[in-house]
Amino acid sequence: KQINLENILAKTKEDLKGKTVAEEPVEKDWTMRFLDVAQNVSREEIQNILAKILSGEIQKPGSFSYQTLEVIKYLSQRDLQRFLKFIAISTDIGVMKFNSGGKDSLEKYNLDFDDYLDLSNIGLFNQSSMILYDIQLPALTSLPLKVGNESFVIMHEDQQNTKKFDFGLYVFSNVGRDLRILLVDQSINEKSEVYKNDFIAEVEKKGFKITKIQKPI
């Protein structure tokens with residue numbers, strides 16, 4: 001247990017290099033809960049997540065909930081790998097549904113509906129699979145949207161109308177959103193480019209223009 005804690009604290013120290021630490025201390029009860037979870041985690045990939053959580057909490061106390069710590073405590077290797085595949089094709093609030101949102105709509109992207117159900121049961125997604133992402137978008141107003149770690153801008157030029165941008169959505173829980181922020185840069189899904197191409201096609205089909213924002217070199 002001591003070795004586990006020392007490993008995580010060393011990783012936290014490394015992650016904090018060059019970052020601003022809050023003057024406000026981390027809540028004592030949160031710290032005790034964190035230490036209780038951390039000392040029993042020996043898998044390096046989960047230690048890495050816990051180090052990022054502690055680093056984030058030190059920079060901004062209150063960033064991560066007790067529920068996040070509890071989910072991490074029981075997160076299996078298989079669950080983590082499946083969740084990373086979802087993150088790689090997700091917006092910051094969830095995964096948009098295509099193919100009419102049927103149960104088979106995830107299979108094209110190296111996932112299936114049972115993956116979503118299992119991850120919902122451990123607290124990474126909301127239980128409902130019928131939530132609608134719905135935004136009223138005036139003409140020439142841009143909507144920034146991330147899919148995985150790529151950024152897009154969506155807009156339309158119909159100056160006579162406000163157009164509705166809507167998709168069904170597999171919605172992250174608060175815990176899922178917390179973990180997405182930490183894990184998006186290391187998320188991998190072999191079908192992510194297929195998903196992003198389908199996403200672009202669906203957006204254009206709805207009468208919007210979409211532009212990928214190029215990262216600075």
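Modeller: A charge sits over a ring if NZ of Lys or CZ of Arg is within 6 Å of the ring centre and within 35 degrees of the ring normal. The charged end of K206 meets this for the ring of F167, 4.8 Å from its centre, and K97 lies over the face of Y170, likewise at 4.8 Å from the ring centre. This is a predicted model, in which local features need pLDDT of at least 70 and side-chain atom pairs count only at pLDDT 80 or more, whereas totals for chains, interfaces and linings use all residues. Residues are numbered from 1 along each chain as its sequence is written, and side-chain values use heavy atoms, with hydrogens and water left out.

Biologist: What makes W30 and F34 a stacked pair?

Modeller: Rings of Phe, Tyr and Trp (its six-membered ring) pair if their centres lie within 6.5 Å, and planes under 30 degrees apart count as stacked, over 60 as edge-to-face and the rest as tilted. W30 and F34 lie 5.4 Å centre to centre with 15° between the planes, so the pair is stacked. They are 4 residues apart in helix α2 (residues 28-38), and are therefore separated by about one helical turn; helices here are DSSP runs (H or I, at least four residues), and strands are runs of E of at least two, numbered from the N terminus.

Biologist: Why is D115 called buried?

Modeller: Buried means under 20% relative accessible area, exposed over 50%, and partly exposed in between (1.4 Å probe, protein chains only). D115, in helix α6 (residues 113-121), has a relative accessible area of 9%, so it counts as buried. Contact means heavy atoms within 4.5 Å, and D115 touches R82 and F86, not counting residues up to four places away in sequence.

Biologist: How do you know that the buried residues of α8 line one face of the helix?

Modeller: In α8 (residues 192-205), the buried residues are S192, Y195, K196, D198, F199, E202 and V203. Seen down the helix axis, they fall within an arc of 160°, taken from the directions from the axis to the C-beta atoms, so they line one face. They pack against strands including β3 (143-147) and β5 (163-171).

Biologist: What makes a set of residues a nonpolar core, and which have the most contacts inside the largest?

Modeller: A nonpolar core is a set of buried Ala, Val, Leu, Ile, Met, Phe, Trp, Tyr and Cys residues joined through side-chain atoms within 4.5 Å. The largest has 59 residues, with L50, M96, F165, L179 and F199 having the most contacts inside it, and helix α3 (residues 44-59) gives the most to this core, with 6 residues.

Terms used:
Expected span 1.5 Å × (residues − 1).
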